[in-house]
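Hi everyone, thanks for making the time this morning.

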Amino acid sequence: MIQFEHRPGLLDLGWGHPRPGLLPVEEWATATAAAAREFGWRQLTYGYPTGPAPLLEWLSARLGTEAGQLFVTGGASHGMALVASLLAGPDDVILVDSPTYHLAFRILADTGARLVRAPADADGVDPDALAGMLAALRAPGKLLYLVPTFANPTGRSLPLDRRRALVALAQRSGLTLLEDDNYRELSYDGEAPPSLWDLSGGEGVVRVGTFSKTVAPGLRLGWVNAAPTLIARLTELGYVESGGGVNHAVATTMSCFGASGAYDRHVAAVRAEYREQRDALVAAVRPHLPVAAPAGGWFLWVTLPPGLGATRLLAAAERHGTSFVPGPRFYLDGPGGEDRIRLSFSHLAASDLTEAATRLGAALPTAWG
Ligand SMILES: Cc1ncc(COP(=O)(O)O)c(C=O)c1O
């Protein structure tokens, strides 16, 4: 019934899923009843192509964007697939940050475009090196995919000067920055940095967002934030014309969840819980491996001691009753990441995170070749 598979005996730090106990079951039931009362049959017929006005208005106020710059999707993955297929095809190049969200590679590759690693260092994509690469590319670079804020897998955020330089580069070169802004609301130590979208004034950037991290992934509800010309192209897609708004009933329910204040209360509550989970995992990993606490998101990106590989450590960790995602998964075809592991602190409660880290610590001395 669900994507998560429990492996008996394993406290798995691999899953970037919300902790089940933090999913707002009761609050969502309340919003569902409120939406049925408020919208009646209008909730159950075909929806407006870009999404229902009550959600677009609430969301645009929250994001500080225009309602006409939004298109409601079935999650960020769906938004990325739609945007990539409109903006790139088999003769094009799509650049991707590395390391980055590994499942985006498949979504972007579905367009038939060639995926190429953008130049990046420990701070993220390097705009100067990228400018040189764009000039040398034979096929036009159409898109650059990145998660600039509280990234998956690194937890890092792109520095402000690089954000500005990337936006300027996109605007003068015709490259579109595909900004995956999934983790913006999950900030634990102050405000998230400004989005590329906000810095761009709406030109050269398309932003995708989601309710998967803040509310629940099962809703399959997210959005594309783009210039009105691209929003118009989305609404003209054959299946939107045929089927209307892509997730109308859930979108109308979300408008009630937002307007009632339930969204704000829930996000504040989960932020506090995930902060506590982050702190528990950081504290429990530190005696074994050096690790920095990310300012937001769901992941620790841990460097292994020289000579210890992630693949080998994974086998040892699973023998000791824990697991993680090895670094190489987050690099587009080719080298990188054997010295890194991604530990998720989203899915397990603090006490289980502590136990998982203890098991990882016990696995370490057994993993040397
Ligand atoms: C960076 C990133 N983008 C997109 C997704 C998928 O988002 P959605 O559930 O909205 O499709 C995830 C989920 O793990 C993610 O980490």
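Predicted model: local features only at pLDDT ≥ 70, side-chain atom pairs only at ≥ 80, totals over all residues.

Is phenylalanine 150 buried or exposed? Its relative accessibility is 4%, so phenylalanine 150 counts as buried. You can find phenylalanine 150 in the loop between strand 7 and helix 6. Its backbone deserves a look too: phi is near 50°, which is a positive value in a residue other than glycine.

While we are in that loop, look at proline 153, which also has its place between strand 7 (141-146) and helix 6 (160-173). The peptide bond leading from asparagine 152 into proline 153 is cis, and omega is near 15°. There is another cis peptide bond to point out, joining serine 98 and proline 99, with omega at about -5°. Proline 99 belongs to the loop between strand 3 (93-96) and helix 4 (102-109).

Next, the ligand. Where does the ligand sit? You will find the ligand in the largest pocket. There are 14 residues around the ligand, and those that come nearest are Ser77, Asp180, Tyr183, Thr210 and Lys213. Which element gives the largest share of the shell around the ligand? That is helix 3 (residues 76-87), with three residues.

Let's zoom in on some individual contacts. At alanine 76, a polar backbone atom is 2.7 Å from an oxygen atom of the ligand. At lysine 213, a polar side-chain atom lies 2.7 Å from a ligand oxygen atom. And at arginine 220, a polar side-chain atom lies 2.9 Å from an oxygen atom of the ligand. How much of the ligand's accessible area does the protein cover? On its own the ligand has 400 Å² of accessible area, and the protein covers 92% of that.

Let me stay with arginine 220 for a moment. Arginine 220 is found in the loop between strand 9 (205-210) and strand 10 (222-225). Like phenylalanine 150, which has phi near 50°, arginine 220 has a positive phi in a residue other than glycine, here near 45°. As for accessibility, arginine 220 has a relative accessible area of 35%, so it is partly exposed.

Now to the aromatic rings. How many aromatic pairs are there, if we count rings of Phe, Tyr and Trp whose centres lie within 6.5 Å? The count comes to 11 aromatic pairs. Take tryptophan 58 and tyrosine 263: their ring centres are 5.0 Å apart and their planes stand at 80°, so this pair is edge-to-face. Tryptophan 58 lies in helix 2 (residues 53-63) and tyrosine 263 in helix 11 (residues 262-285), so the pair ties together parts that are 205 residues apart in sequence. Tryptophan 58 and tyrosine 263 are both buried.

Tyrosine 183 has 3% relative accessibility and so counts as buried. For phenylalanine 299 the value is 1%, so phenylalanine 299 counts as buried as well. Before we leave the rings, note that ring pairs link Trp58, Phe211, Trp223 and Tyr263 into a cluster.

Finally, two long-range neighbours. Threonine 253, in helix 10 (residues 248-259), is 221 residues from threonine 32 in sequence, but 5.5 Å from it in space, C-alpha to C-alpha. With 4% relative accessibility, threonine 253 counts as buried. Histidine 266 lies in helix 11, and its relative accessible area is 10%, so histidine 266 is buried. Between histidine 266 and proline 24 there are 7.5 Å in space, C-alpha to C-alpha, and they are 242 residues apart in sequence.

Definitions and conventions. Residues numbered from 1 in each chain as written. Heavy atoms only, no water. Phe/Tyr/Trp six-rings, centres within 6.5 Å; stacked < 30°, edge-to-face > 60°. Helix = DSSP H or I, 4+ residues; strand = E, 2+ residues; numbered from the N terminus. Buried < 20%, exposed > 50% of the residue type's maximum accessible area, 1.4 Å probe, protein only. Near = heavy atom within 4 Å. Polar contact = N/O pair within 3.5 Å; in protein donor to acceptor, adjacent residues only side chain to side chain. Areas by Shrake-Rupley, 256 points an atom, 1.4 Å probe, with all protein chains shown as cover. 1 Å grid on protein atoms, 1.4 Å probe; cavity = no way out; pocket = protein on both sides within 12 Å on 5 of 7 lines; lining within 4 Å. Sits in = over half its atoms within 2 Å of the grid points.
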